[in-house]
Amino acid sequence: MKIQWTNKWSGETGYVKVVHNKERYFENTFDVNEAKNFSVRIIKKIIGHLEQFCSDNTYTVVSD
C-alpha cells in the first residue's frame, strides 16, 4: 500500500517515497511507481508520524 499526500492549502499532491523518522520528514515523489510500499501492519503508524511531521497535508492510503 502506498501513501498519497495532498496539501490542504495548495491542493498539490504526491506520494511518500521515504520516511525519515529521526529527522521528522519524508521524501516526496510525483511518480506512483517510485512510492514506497508499506505493509498493512504499519501503515497507520506511519500516517500518524507523517501527520505530526507536516499537518498541512492530508494522507491517504492508495493501492498500487
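What share of the contacts in the protein chain with a separation of 6 or more comes from residues 24 or more positions apart? Such residues account for 52% of these contacts.

## Overall fold

The model is predicted. The protein chain holds one helix and four strands, and from the N terminus on its elements follow the order β-β-β-α-β.

The radius of gyration of the protein chain is 11 Å, which agrees with the value near 11 Å for a compact globule with 64 residues. Along the principal axes, the C-alpha atoms fill a box of roughly 30 × 25 × 15 Å.

## Strand pairing and hairpins

Strand β1 (residues 2-7) runs antiparallel to β2, with three bridges joining the two. Trp-5 has Gly-14 in β2 as its bridge partner. The hairpin of β1 and β2 has five residues between the strands, and Gly-11 in this hairpin takes a positive phi near 80°.

β2 and β3 are also antiparallel and are joined by five bridges. Here Val-18 has Glu-27 in β3 as its bridge partner. Four residues lie between β2 and β3 in their hairpin.

## Arg-24

Arg-24 lies in the loop between β2 (13-20) and β3 (25-29). Its phi is positive, about 65°, although Arg-24 is not a glycine. Arg-24 counts as partly exposed because its relative accessibility is 45%, between the limits of 20% and 50%.

## Surface and charge

Of the 64 residues of the protein chain, 33% count as buried. The protein chain exposes about 4,300 Å², and carbon and sulfur atoms supply 48% of this area.

The protein chain carries 9 positive and 8 negative charges, whose mean positions are 10 Å apart.

Methods:
Residues are numbered from 1 along each chain as its sequence is written. This is a predicted model: local features need pLDDT of at least 70, side-chain atom pairs count only at pLDDT 80 or more; totals for chains, interfaces and linings use all residues. Side-chain values use heavy atoms; hydrogens and water are left out. Buried means under 20% relative accessible area, exposed over 50%, partly exposed in between (1.4 Å probe, protein chains only). Two strands pair if DSSP finds at least two bridges between them. The radius of gyration is taken over C-alpha atoms; the globule rule is 2.2 Å times the number of residues to the power 0.38. Contact means heavy atoms within 4.5 Å. Accessible areas come from the Shrake-Rupley method with a 1.4 Å probe; for residues, only the protein chains shown count as cover. Lys and Arg count as positive and Asp and Glu as negative; His and the chain ends are not counted. The place of a charge is taken as NZ of Lys, CZ of Arg, CG of Asp or CD of Glu.
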